[in-house]
Amino acid sequence: MTAVEVHNLRKEFLRRDAERSGLRRRRRRVPALDDVTFTIERGECVAILGQNGSGKSTLVRLLSTLLLHDGGSARVFGHDVFTDQRAVQRLVNRVSVEASFFKKMSSEENLSYAARFYGMTGAETRERIPVILERVGFPTRRRHEAMEHLSRGMQQKVSLARALLTSPVLLLLDEPTTGLDPRSKLEVQDFIREVWASHDATILLCTHDLAEAEALADRVGILDRGRLLCLEPAEELKERFRSQTLEEAFFAATGREFEHEDEDAERGVFA
Amino acid sequence: MRGAASTLRHELIGLSGVLERNANLVKRYAWWELAFFVWSLANTLTIVFIAKGIHAAGGKLDVDRATTTLLIGAVIWSYLGVLFEILTETVAWERWEGTIEYTFMAPLARPIHLIGMGLFAVVYGVIRTAVLFAVIAGFFSLHLGGANFVAALIVLAVASVSFIGIGMMTAVLPLISPEKGMQMGFIAQGILLVISGVYYSVSVLPQWMQWLSTISPATYALRGIRHAILDGYDVGAVWGDIWPLIVIGVVAIPLGLWIFGVGERHAKRHGKLKRSG
């Protein structure tokens, strides 16, 4: 069964130029996603590689129903992302680069708030929150502490718990390990593997961590300046571009160094 | 039928989540709440002392009645401030904390989300306003033996429906302008009260403002509450102020939801439904 079907998906943002035309600054349309097409099968883990500003977050936010598209289509388990938003929202959850919580509230209070929107009662959340926190390696005795007192790694574990608490069938991971120390990074990656194996979840992982993409994903795609250049198993990708590493394959596909981000940053499509 | 019951249950659980979260935030920011209460107290006192000031300067007026009239205006100003602030936080606070994307991608109907915020705002606002009123009344040793507080509360409750509707309209502003949207809520609050006779009778306003006052729910709320507290009117006697509030409320809630929906679609189209920074 196809979990995600994206056809010619297009999203543009209006950006003001620095230069003025008369009294007003000129506006230009900047393509964040440009005719992106791909599918993800149920139970598959697909990684999308791209630099900052390449359109990864825009893709995740479109599939999360947080953006409206400018063309093309996107379906999640057969439901149109833009016209059947409630059905899609019940199936999807995400973990993004920023953990994002009410900082004065505890992890338990934050998780309880998020879970209620997915129909979990107070009694259910009280029962499940300690269990899920333990699974992500969060010390449950600290669940009453304010989020602002937790380390970045701990907060990201709570973020994973938030996503899993609602049992999503499609998990969108937008740079989930960026900014974590090496140990926390490995713990989060191990947990993603475990969830994928035990949860019957389909995963879309957007990252600029090449090793993470290679280690976790069935297929790896390269998103460059809003265009999806390829999407295939990492080994085939390296073979196609006659590369030893994914980094070399990325360079061959895009003609640019992976670390070279200035050009994408200048596009100003971080929305 | 079963499907509808299940959907209703889901939405009510979501609504309870909104109420619980707001209660948790009040608890977690308890000292700040106290600080803002002291500020409201000081602000209200500056208004209410005006009656005594006029009397001391040789003006002829019933000090107790004028003080109570001003007090009602000041506490309604404070109540509206709380109501609009909490509703505007539907977007503003979540945006600041960065939780907005998680909340707005969750399967909860936006009307339920906003009604949850409105319900909390009313309950919290009424409790806060009642305490504020009692403290100030005690400060001035006001004689309110003849006041009909039940009728005043009923007028406030009915008016709150309209206020929530207007609050929904202002709640969307931080989505459109993340930097200045919240302040626009205060502007709406000020305009609403200035045309509604917050510290004076609407009859002293210019004609065009008097016309505007007829479509403001605050006009009927202030007049009804003043009649109930100052003159001891019962619900039947203030019905003339209650029915326009019902009519405005019936229009304001759907209009507020529609405007919020338009704003949310605009934000989704232009990539503004995201955390600050």
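Guide: Two strands are said to pair if DSSP finds at least two bridges between them. By that criterion strands S7 and S8 of chain A are paired, because five bridges join them, in the parallel sense. The model is predicted, and the part considered here is the sheet of chain A to which these two strands belong.

Six strands make up this open sheet, in the order S6-S7-S8-S3-S9-S10, and their pairing is mixed. Strand S6 (92-96) and strand S10 (227-232) of chain A form the edges, each pairing on one side only. From one strand to the next, the twist averages 15 degrees. In general, the strands of a sheet pair through backbone hydrogen bonds, either parallel or antiparallel.

How many of the six residues of S8(A) are buried? Six of the six are, so S8(A) is largely enclosed by the rest of the structure.

S8(A) may next be followed to the strands with which it pairs. With S7(A), the five bridges run in the parallel sense, and A:Leu173 stands opposite A:Leu205 in S8(A). S7(A), helix H6 (residues 182-198) of chain A and S8(A) together make a right-handed β-α-β unit. S3(A) is likewise joined to S8(A) by five bridges, and these two strands run parallel. There, A:Leu49 has A:Thr207 of S8(A) as its bridge partner.

Beyond S3(A) in the strand order comes S9(A). Strand S3 (residues 45-49) and strand S9 (residues 219-224) of chain A pair in the parallel sense over four bridges. Within this pairing, A:Val220 in S9(A) is the bridge partner of A:Ala47.

Helix H5 (residues 152-165) of chain A packs on it, touching S6 and strand S7 (170-174), and its direction makes about 175 degrees with that of S6(A). Helix H9 (residues 246-254) of chain A lies across S3, S9 and S10 of chain A, running at about 40 degrees to S9(A).

A:Asp35, in strand S2 (residues 24-41) of chain A, has a positive phi of about 50 degrees although it is not a glycine. A:Asp35 counts as partly exposed, with 14 C-beta neighbours inside 10 Å. B:Ser141, also not a glycine, takes a positive phi of about 50 degrees just after H5(B). B:Ser141 lies in the loop between helix H5 (110-139) and helix H6 (149-171) of chain B and is exposed, with 8 other C-beta atoms within 10 Å. H5(B) itself has 30 residues and reaches 42 Å from its first C-alpha to its last, close to the 44 Å expected at 1.5 Å a residue.

Finally, two residues of helix H7 (residues 173-176) of chain B may be set side by side. B:Leu173, which lies in this helix, counts as buried, with 23 C-beta neighbours inside 10 Å. Leaving aside neighbours within four places in sequence, B:Leu173 is in contact with B:Gly181, B:Met184 and B:Gly185. B:Ile176, in H7(B), counts as partly exposed, with 17 C-beta neighbours inside 10 Å. B:Ile176 touches B:Gly181, B:Gly263, B:His266 and B:Ala267, residues up to four places away in sequence not being counted. The C-alpha atoms of B:Ile176 and B:Ala267 are separated by 6.4 Å, although these residues are 91 residues apart along the chain.

Methods:
Residues numbered from 1 in each chain as written. Chains lettered and ligands numbered in written order. Predicted model: local features only at pLDDT ≥ 70, side-chain atom pairs only at ≥ 80, totals over all residues. Buried ≥ 20, exposed ≤ 12 C-beta atoms within 10 Å, placed from the backbone. Axes fitted to C-alpha atoms, helices over the stretch in contact; angles between N-to-C directions. Contact = placed C-beta atoms within 7 Å. Right-handed = clockwise from strand over helix to strand, strands pointing away. Expected span 1.5 Å × (residues − 1).
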